[in-house]
Amino acid sequence: MTAKQSKQSAEKIGAVAVVGGGIAGLQAALDLAESGFYVYLVEKKPAIGGVMPQLDKTFPTNDCSMCTLAPKLVEVGRHLNIEILAPAEVTGISGKAGNFSVEVVQKARYIDESKCIACGICAEKCPKKVPNEFNEGLNNRKAAYVLYPQAVPLKYAIDRDHCIYFKNGKCKACEKFCPAQAVDFSQTDHVIHLDVGSVILSPGFQVFDARLKPEYGYGRYPNVVTSLEYERILSATGPTEAHIKRPSDGAEPEKIAWIQCVGSRDAANGRPYCSSVCCMYATKQAIISQEHDAKIKPTIFFIDLRAHGKGFETYYQEAKKHHNIRYLRAMVSRVTQNPRTKNLELSYVDEINGIQTEEFDLVVLSVGMRIPQESAALAEILRVEISQYNFVETSCCTPVATSQPGIFACGAFTGPKDIPDSVMQGSAAAAAAARDLAASRGTMQREKSFPPEIDVADEPPRVGVFVCHCGMNIGGIANVPALVESARLIPNVEYAQDNLFTCSQDSQNQMVQVIKEHKLNRVVVAACSPTTHAPMFQNMLREAGVNKYLFEMANIRNQCTWVHQAEPEKATAKCEDLIRMGVAKARMLAPLKYLSVPVNKRALVVGGGMSGMTSALALADQGFEVHLVERLDRLAGNARKLHSTWRDEPVQAMVDGMIEKVEKQPRITVHYLAMVDEVSGSVGNFKSKLSTGQEIEHGIVIIAVGAEPLRPEGQYLYKQHPNVLLSLDLDRELARGTQRVKEAQGVAFIQCVGSRIPERPYCNRVCCSHSVENAIRLKTLNPEMDVFIIYRDMRTYGERETLYATARELGVRFLRYSVDDLPVVEAAGDKIIVRFVDQDLLLPVELSVDLLTLATAIIPHQNAPLADLYKVHLNAEGFYTEAHAKIKPVEASTAGIYMAGLCHYPKPIEESIAEALACASRAGTVLSRDTLELESIISRPIDENCDGCAFCVDACPFHAISLLEYVRDGNVKKTVEVSPVLCKGCGSCMATCPKQGIYVAGFTLPQLEAQVDALLGLN
């Protein structure tokens, strides 16, 4: 059903058009819909999801891509305030920011979506086979098809370009056999106009056409495949059902080579930029390949290994050490095929400059990202400026704003990036749009309602068990059909079935019908992590009219098949145990009352750097009151020390402008020389006490406390020689134009000082680009100056690669050292001598320079006290940890707490700003509500058993339990009470109580005992 569209007027319209249904667009749509806006999600394909559904796993966690994405797909598909238009394309726009009319061509599916039941009979009966683009042409689909098994919307479409009826007027087999009479050949494309206040562009990317690199043989040699084709080979829903086979003969390959930078860092093909993700997805594919088949021996050919994201360097090092992935620093010059064996011979120059030829069974080309011409045409229609590479032109200060007011962009359309950066940018774009339309929030919103819940008090347990194949994650190890059969034999199980992906929208719709048809009053889902998926299944129960707490999840993926991959029979037996235990508990579950509290619409932002100021302004401009806490007597943090961005934009002008906005924004109160000392409460109702004595009540927290550079005293003559500087020191020297910079004849940079080592295994993400920027400035200042960058891997990712190319053109010399043989630095009067072994020439090098700059690690401040106060996790290096590496990149595992900037992980200024906007967007989904539903799985005292010993009071980490006294029968009775707002249901109280005087609802002792008995076979 389409929401009633507002008439264009002087009022801003409370709706947004999101163009593109990939992960960035999905995130933007969800944030806006949850914040009180109506969203039209326009997708050119028949289903949303973008490229992510084509992926098998995601790095660096190796999570199933589809499992990660599915909850968002289902949420978007079911959201009352998101209207999916697919397949559809934007063809025009008129109006201005706040009042746009967007012209959209709704393409004909030739299937009536209101009638289609996704039974697949149309595809089954269709006689026409065509290449399956979702599987990258590795197999065929029918002209009547669904894009992929978990597609949202799960509705079939007819491919007009290949349909026999449209070709010659005959056939109509699909129409004849469709049981729902959903086929409608009379449909035509039609134009609709959307009245919206803002537009967000997220059309995604396409991979490089490897045929443009003929030297690698793609398109001529069947055993040369692209990385996206290989993803489909690895996937359980792919053409080989996750069996790694060569396309030529179906044989299982042993030696597989990955060639990097195919269509990236290639000026000759018009793509000089780095695609940012290729090194890591090749590493992931190599690791996963070995998990599929232990005999596979992967080799990755690369020039610079770019593992610049959070956790990426550790992932790369583990690939080398624990998985024996072979990395060869070499550019492959050509690939030829052995005509007899169809094997492939690779010619390359190795690290000792020897010409080598090596044979492989299969070659994977790590193809880069490109923005297709139709996206460039879309930008032209909307009059949005793009670069020569078709990326949207943005500034570092406003990373999601386009050249047109009211039109924003996110995801790969703004430059190559991985999934978490795309998710973060999607939220950032949502914040930018919400900021513009704040006055219209809620004007087009529809409220979600659930059917009345059945009363199960007097009903015997009728349990439904749903077992997920989860692609290869579960079904590749455990015998899922056997699990279903054993589940059917468990007492009180009335129904059991298996699903390929239980989290898909189609599976959940079917489960709703099964629950109603079989009158199920308890449900057990045997699948993956309840942390990420339980809320989705609980909402599914509510749609079926069942209390959401009559649900139990057996985590047979994380707790079984992932840890017992080499023991399929034992894994199956353990899964049976877990399912039996789940049913034993489900039988005893009771419905719980839903709890809610009013939301305090005030925000607390801790840290007044660029990230903190950005978040504060984004929230204040939406109408929320913000308290900004800064430990120093001034704002801006590290940005005060920066000279310019990588786009050569002056940072100080940006800083001054933002400070002025903060100071003039009446809804922002800045607390200088203050720190957070005490915290109580939870999402929607926090209370924080500052070191100044002031107490602030607020609904959410954004942590943006920054980080600092490592000062490596005792290394490389730092603090011992006046001409040894840190990167920020050189920034100041350049900004001031000091004499020693002007007169220097030689300057050297040493990269990775204190980073990418066991104590700090992470890459700093910013150092390579920063050093290259300053090297360019030095050569521009004095072209005769000798400038050397001594590095390990040059990580100028994305469009920053153009800086690297410019520096080489200007004569900056790049010299590579080994971490096993660090440079040696000595003083020679005013000069500095640097000695090391050049890893390209394999010869010792000695440099005499006037200035030496150390690119040192970015290290966190003392984050532990604040993390402890807000119950936020830190990683091993001391940075704040996100709830989920891919889909919740700015959220802490504690609800209502978000983090941005350097305290989360080192990053450049524009990424910090985008992350801060993302925090504001996610915070807005809470602050825009009047009430917040609490978790009902909390502690409940048993008054008659409690004697007031207070053991539970001391044990509670959330200070949710308090001791109280009252008079009963003339005697003083001691007991405890629990705050439903503060309690998180952790169970510490229940484990501590010696008298069974308190329990956690949903985890009673009888329920837990029943699970143990089920495991032991006693019930």
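Start by selecting Ser94 and Ser101: Ser94 stands opposite Ser101, which belongs to β7. This is a predicted model, in which local features need pLDDT of at least 70 and side-chain atom pairs count only at pLDDT 80 or more, while totals for chains, interfaces and linings use all residues. Residues are numbered from 1 along each chain as its sequence is written, and side-chain values use heavy atoms, with hydrogens and water left out.

Now show β6 together with β7 (residues 99–106): the two run antiparallel and pair over eight bridges.

Next, step to the loop between β5 (82–85) and β6, where you'll find Pro87. What kind of peptide bond runs from Ala86 to Pro87? A cis one, with omega near -5 degrees. For another, select Phe59 and Pro60, which are joined by a cis peptide bond with omega of about 0 degrees. Pro60 is in the loop between β3 (57–58) and β4 (63–64).

Jump to Arg265, in the loop between β16 and α7. This residue has a positive phi of about 50 degrees although it is not a glycine. Show side chains and you'll see Arg265 meet Asp304 in a salt bridge, 3.0 Å from N to O. (Salt bridge here means a side-chain nitrogen of Lys or Arg within 4 Å of a carboxyl oxygen of Asp or Glu.) Arg265 lies between β16 (255–262) and α7 (278–292), and Asp304 in the loop between β17 (297–302) and α8 (312–321), so the pair ties together parts that are 39 residues apart in sequence. Buried or exposed? Arg265 counts as partly exposed at 22% relative accessibility, whereas Asp304 counts as buried at 3%. (Buried is under 20% relative accessible area, exposed is over 50%, and partly exposed is in between, using a 1.4 Å probe and protein chains only.)

Then select Asp793 and Arg329. Their closest N and O atoms are 3.1 Å apart, in a salt bridge. Asp793 is in the loop between β40 (786–791) and α22 (801–810), Arg329 is in strand β18 (residues 326–329), and the two are 464 residues apart. Both Asp793 and Arg329 are buried.

The structure holds 60 salt bridges.

One more pair is worth a click: the side chains of Asp947 and Lys995 form a salt bridge at 2.6 Å, N to O. Asp947 sits in the loop between β49 (939–941) and α25 (951–955), and Lys995 in the loop between α26 (988–992) and β52 (998–1000), 48 residues apart. Asp947 is partly exposed, at 39% relative accessible area, and Lys995 is partly exposed at 42%.

From there, go to β50 (residues 961–968) and β51 (residues 971–978), an antiparallel pair with eight bridges. Within this pair, Val967 stands opposite Val972 in β51. The two strands form a hairpin with two residues between them, and Asp969 in the turn has a positive phi of about 55 degrees.

Now select Tyr716, in the loop between β37 (707–709) and β38 (724–726). Its phi is near 50 degrees, a positive value in a residue other than glycine. Tyr716 counts as buried, at 12% relative accessibility.

Last stop: the cysteines. How many disulfides are there? Zero, when a disulfide is taken as a pair of cysteine sulfur atoms within 2.5 Å. Select Cys261, and the closest cysteine sulfur is in Cys279, 6.1 Å away and too far for a bond. Cys261 is buried, at 15% relative accessibility. For Cys767 the closest cysteine sulfur is in Cys768, at 6.8 Å, also too far for a bond. Cys767 is buried as well, with a relative accessible area of 12%.

Conventions: Two strands pair if DSSP finds at least two bridges between them. Helices (H or I, at least four residues) and strands (E, at least two) are DSSP runs, numbered from the N terminus.
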